[in-house]
Amino acid sequence: MLVRLTVNGEEREADVWAGASLLFMLREHLGLPGSKNACEQGECGSCSVWMDGELVCSCLVLAAQAEGLEVRTVEDLAHDGALHPVQQAFVDAGAVQCGFCTPGLIVAVHDLLARHPSPADPEIREALAGNLCRCTGYEKILEAVRMASRS
Ligand code: FES
Ligand code: FES
């Protein structure tokens, strides 16, 4: 089936299986591998994207559900080779190891800071409760969010 949508400000289309997820379409049809497939069950947040401004786990959304909508992915954050301040804060805080969780966390942190520019630690923890990291430990991730909120 043909799905037409806007991705990162561009009109795109893909011919996908009716059961394909939005994550699969982004990665395998539209050449956007930034959103990661870690659990494919809505448990880890590695596949987080915005759909019409709402944060969603793209592994749980059918590609067909995005028909006519605006999707924004982590690829839309860095521009002209310059990292987004949230991305830079993750690098500076040492909050990246294998990096598999990082795109989802970056998207979730960007979403949090857009709503709460100076979140307290409990707000950060709550906002990132759906994002699992298997390697870094959450203290460096918290520090990255604090750094980003100050930038
Ligand atoms: S891959 Fe979607 S929540 Fe884990
Ligand atoms: S840095 Fe490896 S899962 Fe988070």
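The dialogue below goes from the overall fold to single residues.

Student: What kind of model is this, and how are its parts numbered?

Tutor: This is a predicted model, in which local features need pLDDT of at least 70 and side-chain atom pairs count only at pLDDT 80 or more, while totals for chains, interfaces and linings use all residues. Residues are numbered from 1 along each chain as its sequence is written, chains are lettered from A and ligands numbered from 1 in the order in which they are written, and side-chain values use heavy atoms, with hydrogens and water left out.

Student: How many helices and strands are there in the protein, and in which order do the elements run?

Tutor: Helices (H or I, at least four residues) and strands (E, at least two) are DSSP runs, numbered from the N terminus. Here the protein has 5 helices and 5 strands. Read from the N terminus, the order is β-β-α-β-β-β-α-α-α-α. The radius of gyration of the protein is 15 Å, close to the 15 Å that the globule rule gives for 151 residues, so the protein is as compact as a globular protein of that length. That radius is taken over C-alpha atoms, and the globule rule is 2.2 Å times the number of residues to the power 0.38. The C-alpha trace spans about 45 × 30 × 25 Å along its principal axes.

Student: What share of the residues counts as buried, and what share of the contacts joins residues 24 or more positions apart?

Tutor: A residue is buried under 20% relative accessible area, exposed over 50% and partly exposed in between (1.4 Å probe, protein chains only). Of the 151 residues, 44% count as buried. Contact means heavy atoms within 4.5 Å. Among contacts with a separation of 6 or more, 54% come from residues 24 or more positions apart.

Student: Which strands does β3 pair with?

Tutor: Two strands pair if DSSP finds at least two bridges between them. Strand β3 (residues 48-51) runs antiparallel to β4 (residues 54-57), and 4 bridges join them. Ser48 has Cys57 as its bridge partner in β4, and Trp50 has Leu55. β3 also pairs with β5 in the antiparallel sense, over 2 bridges, with Val71 of β5 as the bridge partner of Met51.

Student: How are the two faces of β3 to be read: covered or open?

Tutor: In a regular strand the side chains alternate between the two faces of the sheet. In β3 both faces are covered, with Ser48 and Trp50 buried on one side and Val49 and Met51 buried on the other. Trp50 also has a charged neighbour: Arg72 lies over the face of its ring, at 5.1 Å from the ring centre. The criterion for a charge over a ring is NZ of Lys or CZ of Arg within 6 Å of the ring centre and within 35 degrees of the ring normal.

Student: What do the buried residues of α1 pack against?

Tutor: The buried residues of α1 (22-29) are Leu22, Leu23, Met25 and Leu26. They pack against β1 (2-7), β2 (10-15), β3 and β5. At 4% relative accessibility Leu5 counts as buried, and among the residues it touches, beyond four places in sequence, are Leu22, Met25, Leu69 and Val71.

Student: Which residues take a positive phi, and where do they lie?

Tutor: One of them is Asp52, with phi near 50°, in the hairpin of β3 and β4, which has 2 residues between the strands. Gly31, which follows α1, has a positive phi near 70°. Glu40, a residue other than glycine, has phi near 55° and is found in the loop between α1 and β3. Asp80 has phi near 50° and lies in the loop between β5 (70-72) and α2 (85-93).
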